[in-house]
Amino acid sequence: DHLRGIVKDPGFVAGLFEVLRGSSSVQVRQLSAILLRQRLRKQWNRHSSADRLRMRKVLLETLTIEQETIVRHAVAQIIGIVVGCELSESAGWTDLFQYLNQCCQSTNSAQREIGLYLFSIVVEAAGEQL
């Protein structure tokens with residue numbers, strides 16, 4: 001019961017974002033991303049639009065700076081969850097497509113790889129809505 005209370009606390013998601021960006025352990029960052037994906041799938045629409053905007057920005061920043069492929073892929077999967085939630089909204093996530101274009105045209109092979117991986121995640125999440 002105590003653990004369920006912690007997970008449902010609004011500060012839990014913010015704490016997971018802090019761990020995702022700040023932990024020196026690859027495994028801890030990956031676990032944080034997995035937990036975020038689970039929480040955001042259920043709670044995305046419960047957050048204010050300002051919080052959702054901030055989380056989208058942090059996800060793209062994290063994807064850009066993360067060095068470990070396994071964590072980058074986990075973050076890309078979170079973005080896929082967010083895309084599924086955001087496409088139903090009229091505003092959508094316009095920065096994402098600009099980010100994808102930038103990654104796919106990068107001279108950095110790791111950026112191109114994550115751009116293509118993220119593109120596949122977005123296409124899967126968006127389905128026929130694209």
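Reader: What's the mean pLDDT of the chain?
Author: The mean is 88, and 89% of the residues reach 70 or more; pLDDT is the predictor's confidence in each residue, from 0 to 100. This is a predicted model, where local features need pLDDT of at least 70, side-chain atom pairs count only at 80 or more, and totals for chains, interfaces and linings use all residues. Residues are numbered from 1 along each chain as its sequence is written, and side-chain values use heavy atoms, leaving out hydrogens and water.

Reader: Where is confidence lowest, and where highest?
Author: Lowest in helix H1 (residues 2-8), at a mean of 68, and highest in helix H3 (residues 26-43), at 94. Helices here are DSSP runs (H or I, at least four residues), numbered from the N terminus.

Reader: Okay, switching to Ser-23. Is Ser-23 buried or exposed?
Author: Ser-23 counts as buried because its relative accessibility is 18%; buried means under 20% relative accessible area, exposed over 50%, and partly exposed in between (1.4 Å probe, protein chains only). Ser-23 is in the loop between helix H2 (10-22) and H3.

Reader: And what is Ser-23 in contact with?
Author: Glu-18, Val-28 and Arg-29, leaving aside neighbours within four places in sequence. Contact means heavy atoms within 4.5 Å.

Reader: How many residues of H5 are buried?
Author: 13 of its 18, so H5 is mostly covered. Helix H5 spans residues 69-86 and reaches 25 Å from its first C-alpha to its last, close to the 26 Å expected at 1.5 Å a residue (1.5 Å times one less than the number of residues).

Reader: What does Leu-96 touch?
Author: Leu-60, Ile-79, Val-83, Leu-118 and Val-122, not counting residues up to four places away in sequence.

Definitions and conventions:
Helix = DSSP H or I, 4+ residues; strand = E, 2+ residues; numbered from the N terminus.
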